[in-house]
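Here's a quick tour of a single model. Have a look at the chain, then read on.

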Amino acid sequence: MAFRLSNNLVGILNLITFLLSIPILGAGIWLRREGVTECEQFLDTPVIIIGVFLMLVSLAGLIGACCRVTWLLWLYLVVMFLLIVLGIVFTIFAFVVTNKGAGQVLSGKGYKEYRLGDYSNWLQKRVTDNKNWNKIKSCLADSKVCTDFHDKYLNASLPEFYQAHLSAVQSGCCKPSNDCQFNYVGPTNWTRGSGVSNNPDCNLWDNDPKTLCFNCEACKAGFIDNLKSSWKKVAVVNIVFLIFLIVVYSVGCCAFRNSRRDNDYHQGWKP
């Protein structure tokens with residue numbers, strides 16, 4: 001009875017996982033064939049790898065549990081154990097690297113500004129690498145974050161603009177730093193004033209919609225702050241996923257033990 005219950009449960013859980021892997025794999029193949037932007041092409045390989053991995057692992061668990069193939073169940077449990085360990089490591093790492101850094105509140109402004117040096121060294125190295133940042137810039141351009149920002153605040157007066165609640169990416173990438181003391185013409189159109197600033201971002205600002213402040217440290221900091229928020233959410237979801245994996249792993253261990261006991265019984269019994 002215990003053998004049937006544990007094996008059937010493992011089989012059902014892996015059948016669900018197998019079915020979920022099909023649309024994931026299909027999405028990856030679609031991105032590879034139809035993706036036209038660098039951002040889409042950057043995503044296709046990881047999505048395909050995840051889809052194939054889930055499909056193979058779920059098949060191993062499904063066949064091992066339902067057909068009583070002990071060595072497949074053993075392989076499945078090894079992979080599950082490694083996944084649990086990697087999940088724990090990733091969760092701890094995510095909380096550590098996102099623990100540092102926050103936006104700076106500006107007097108009389110509804111938005112915050114961001115400084116690259118406030119964040120963890122590991123995240124800083126990821127965005128200061130030109131190859132990585134060029135891909136990130138491509139994704140930001142594809143998302144039209146600054147185009148939407150421009151359209152939303154096109155008719156806003158200066159006082160209204162200063163009270164706007166901007167996202168970290170909008171604040172860092174779509175407008176110049178407050179240190180620059182530029183004159184406001186429009187949300188993405190500013191003229192240089194007579195003030196002098198030591199902030200290097202001031203020299204990098206350009207009213208060209210393709211440039212704006214995408215090369216600024218503030219933009220990189222804004223992206224990190226956005227990434228930081230996303231990673232914390234992923235880490236929380238990952239904890240729930242880890243609990244699920246541990247439950248499945250425990251049931252799988254019962255199925256493996258019962259399967260091995262059943263095989264030993266049949267091998268030892270001679271009519």
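Which residues does the UniProt annotation "transmembrane region" cover? According to that unreviewed entry, the answer is residues 12-31, 43-65, 71-97 and 234-252; UniProt positions follow the numbering used here, feature names are shortened, and annotations may be inferred rather than shown by experiment.

Some ground rules: this is a predicted model, so local features need pLDDT of at least 70, side-chain atom pairs count only at pLDDT 80 or more, and totals for chains, interfaces and linings use all residues. Numbering starts from 1 along each chain as its sequence is written, and side-chain values use heavy atoms, with hydrogens and water left out.

Two of the annotated spans look like this (helices are DSSP runs of H or I, at least four residues; strands are runs of E, at least two; both are numbered from the N terminus):

Trp74 sits in helix α3 (residues 70-97). Trp74 also belongs to a nonpolar surface patch with Trp71, Leu75, Val78, Phe81, Leu82, Val85 and Val89, and together they have about 790 Å² of accessible area. Patch members have over 30% relative accessible area and no salt bridge, and nonpolar side chains (Val, Leu, Ile, Met, Phe, Trp, Tyr) are joined within 5 Å, like charges within 9 Å. A salt bridge is a Lys or Arg side-chain nitrogen within 4 Å of an Asp or Glu carboxyl oxygen, and areas are Shrake-Rupley values with a 1.4 Å probe, where only the protein chains shown count as cover for residues.

Now for the strands: β3 (residues 183-186) and β4 (residues 189-191) pair antiparallel over three bridges, where pairing takes at least two DSSP bridges. A hairpin of two residues links β3 to β4, and Tyr184 stands opposite Trp190 in β4.
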